[in-house]
Amino acid sequence: MTSNLATEKWGEGHSEVAVLVHGSFSTDPASTWLKQHELSEHYCLVMPSRSGYDNSHMYGTHDTLEEDVQGVIELLGGGAHVVGFSYGGLIATIAASHTPELVRSLALIEPPVFSLIRGDADAEKIITALEPVYAGRDHMSPAQFRTAFLGALGQRVEETDTLSAEEVRASAAAMREAIPWEVELPLDKLSVTSFPKIVFSGGWNATNELACNVLAESIGAEHMIIIGAGHGVQRTGSPFNEALKELWQKSKPMS
């Protein structure tokens, strides 16, 4: 199991593998999954740092999507469960569609699939707010991009805030990500796969709920709402972990 992406592993030695893909602006990708550590008692959890994040090299200067997808595919080995959080859900979706024969199950946590609900008024507001941020990123520092991006989503960030070296690196990596609503999602390929699939959402935002529901229907997945941690459903710990284990137990062994 080799990949161009740096990885951290919990539960090495277990034969059943799960690849967990983090979202944007993550200074420590493995920390995304701290509440899932208990799963390493029975599963090998492989947590890559996507291109430019943490210890992974930035192979391209723009649009790291292809690098991340290929890196995740290389981690699937002879077969693995795939879990993707936020932007990592886009990566996980594409990787699973490219190599369905290597995927035991697919779990997606609130991926930004606004392309599926174009025309919805609230989705269009989000896209309209973010468009100038992406359009101007080549002329921004990582700190400026982070401030503009979070500000467009309604989060107050002081421009005078001093970022750590890790935050600067994570923001620089986020600047190189493909624009979410322009990412082509091969959902038709996923819809005909036989492995179990689930889309998680946190019940905190109607636009996300709509997007997740449309995504689930498009790929033949269950849609589960777990309230208590907002966007980061995995941070609920036990409720999320139990649902994930149930999904994994539904999967068939790789032939």
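**View 1. Tyr134 and Trp181, two buried rings.** Tyr134 is buried, and Trp181 is buried too; here, buried means under 20% relative accessible area, exposed means over 50% and partly exposed lies in between (1.4 Å probe, protein chains only). This is a predicted model, in which local features need pLDDT of at least 70, side-chain atom pairs count only at pLDDT 80 or more, and totals for chains, interfaces and linings use all residues. Residues are numbered from 1 along each chain as its sequence is written, and side-chain values use heavy atoms, with hydrogens and water left out.

**View 2. How do rings pair up?** A pair of aromatic rings is described by the distance of the centres and the angle of the planes. Rings of Phe, Tyr and Trp (its six-membered ring) pair if their centres lie within 6.5 Å; planes under 30 degrees apart count as stacked, over 60 as edge-to-face and the rest as tilted. By this rule the count comes to eight aromatic pairs. One of them joins Tyr134 and Trp181 edge-to-face, with 5.7 Å centre to centre and 85° between the planes. This pair links distant parts of the chain, 47 residues apart: Tyr134 belongs to helix α3 (residues 121-135), while Trp181 lies in the loop between α5 (165-175) and α6 (187-191). Helices (H or I, at least four residues) and strands (E, at least two) are DSSP runs, numbered from the N terminus.

View 3. Because they are four residues apart in helix α4 (residues 142-152), about one helical turn separates Phe145 and Phe149. Phe145 is buried, as is Phe149.

**View 4. The buried side of helix α5.** In α5, the residues Ala170, Ser171, Ala173, Ala174 and Met175 are buried. What covers the buried residues of α5 includes α4.

View 5. Look for Ser105 in strand β5 (residues 103-109). Ser105 counts as buried because its relative accessibility is 0%. Leaving aside neighbours within four places in sequence, Ser105 is in contact (heavy atoms within 4.5 Å) with residues including His81, Phe195 and Trp248.

**View 6. A charge over a ring.** The charged end of Lys197 sits over the ring of Phe195, 4.9 Å from its centre. The rule asks for NZ of Lys or CZ of Arg within 6 Å of the ring centre and within 35 degrees of the ring normal.
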